[in-house]
Amino acid sequence: MSRILVLLIPLFATLCPAQCLLPKPVADNLAQLPMRQTGFARYSTEAVTYLEFHCYEEARAAIDRGGCKDETLPQIQWCKGMTAFISARVAWNQGRLADAKKTLSELNDEAQVQDVNVRAAFALAELLSQYPDPAYWERLRPTLEFLGAERDMWRARHYLYTYGLNQSNAPARIRDLTKLVNSELPIRQHLENLFILGDVLRRAGRSTEALLLVTSTEDDMGKYVVDVELRGAYVGLCAALWDARARQGDPEAVRLAGIYAAALKEIYDPR
């Protein structure tokens with residue numbers, strides 16, 4: 001794996017850190033949380049914050065501290081669902097993939113609260129991207145199609161276009177994405193699709209095309225994209241592409257790869 005691609009781990013992490021190290025601004029915000037929130041709002045915010053940084057035991061402890069016995073039914077469902085989700089992520093980290101897939105698939109259900117079922121869908125999509133399973137993918141695909149089209153979530157579209165990508169289906173997917181990029185869409189959707197196209201081109205081995213595409217959109221990405229995950233994914237893609245060029249002996253690419261790598265670290269750990 002490229003040394004730059006390793007920097008994408010904060011976005012699509014699969015391994016829980018040995019020790020929970022939150023970025024300082026995040027840790028400071030959590031320390032001040034008791035002065036701003038109480039009850040369910042406080043411990044659910046704590047749990048989600050820890051979860052975003054893959055601190056699963058800390059997230060579970062936050063839920064346990066708050067408890068859900070006296071809460072409303074949706075809140076009880078949230079607690080149960082999030083606890084099961086955390087268990088699935090821990091199982092994944094421990095290599096118990098069958099358990100993780102089973103639990104995430106069960107949580108990917110409309111009966112679950114939205115915060116739980118959407119997280120489960122994306123986590124399962126990432127797990128299947130790394131460990132393909134056609135049966136689970138066919139059950140997950142309708143959810144991703146709904147989230148991508150009806151809920152307008154770029155991550156869902158990204159998984160749909162990248163899962164199972166190979167030399168046979170890449171041309172059709174690239175043509176489809178190119179049509180989307182050239183269609184009349186709001187600037188946000190346009191830039192989301194540009195990123196997805198760039199990543200598909202890279203994965204398909206067309207790195208030069210991908211590099212030309214993503215570098216031509218840098219200014220717009222900086223001005224119009226506010227989604228932290230998309231910004232991180234875009235910067236990570238640029239870092240990976242420049243790193244590939246640097247390994248071919250291009251000194252300017254070495255410099256640019258370093259700049260993007262530093263920017264990616266700052267996005268996820270602004271200490």
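This is a predicted model: local features need pLDDT of at least 70, side-chain atom pairs count only at pLDDT 80 or more; totals for chains, interfaces and linings use all residues.
Residues are numbered from 1 along each chain as its sequence is written, and side-chain values use heavy atoms, with hydrogens and water left out.

The chain contains 14 helices and 0 strands, where helices (H or I, at least four residues) and strands (E, at least two) are DSSP runs numbered from the N terminus. The radius of gyration of the chain, 20 Å, is close to the 18 Å that the globule rule gives for 271 residues, so the chain is as compact as a globular protein of that length. This radius is taken over C-alpha atoms, and the globule rule is 2.2 Å times the number of residues to the power 0.38. Along the principal axes, the C-alpha atoms fill a box of roughly 60 × 40 × 40 Å. Buried residues account for 45% of the 271 residues; buried denotes under 20% relative accessible area, exposed over 50%, and partly exposed in between (1.4 Å probe, protein chains only). Of the contacts (heavy atoms within 4.5 Å) between residues at least 6 apart in sequence, 61% join residues at least 24 apart.

The accessible surface of the chain amounts to about 14,100 Å², and 54% of this surface belongs to carbon and sulfur atoms.

The model has 1 disulfide, defined as a pair of cysteine sulfur atoms within 2.5 Å. Cys 20 and Cys 55 form this link, with their sulfur atoms 2.1 Å apart. The link is right-handed, with 90° about the S-S bond. Cys 55 is buried, with a relative accessible area of 1%. Cys 238 is likewise buried, at 0% relative accessibility.

The loop between α2 and α3 also holds His 54. Although not a glycine, His 54 has a positive phi of about 65°. Most residues other than glycine have a negative phi. His 54 counts as buried, at 13% relative accessibility. A positive phi of about 55° is found at Asp 152, which is not a glycine either and is placed in the loop between α7 and α8.

Helix α8 (residues 154-162) has 9 of its 9 residues buried, so this helix is largely enclosed by the rest of the structure. Among these buried residues are Trp 154, Arg 155, Arg 157, His 158 and Tyr 161. Their cover includes α6 (114-130), α7 (134-149), α9 (170-182), α10 (187-203) and α13 (228-246). Thr 162, located in helix α8, is buried with a relative accessible area of 8%. Leaving aside neighbours within four places in sequence, Thr 162 is in contact with Arg 173, Asp 199, Val 200 and Arg 203. Just after α8, Gly 164 adopts a positive phi of about 65°.

Note on methods: Accessible areas come from the Shrake-Rupley method with a 1.4 Å probe; for residues, only the protein chains shown count as cover.
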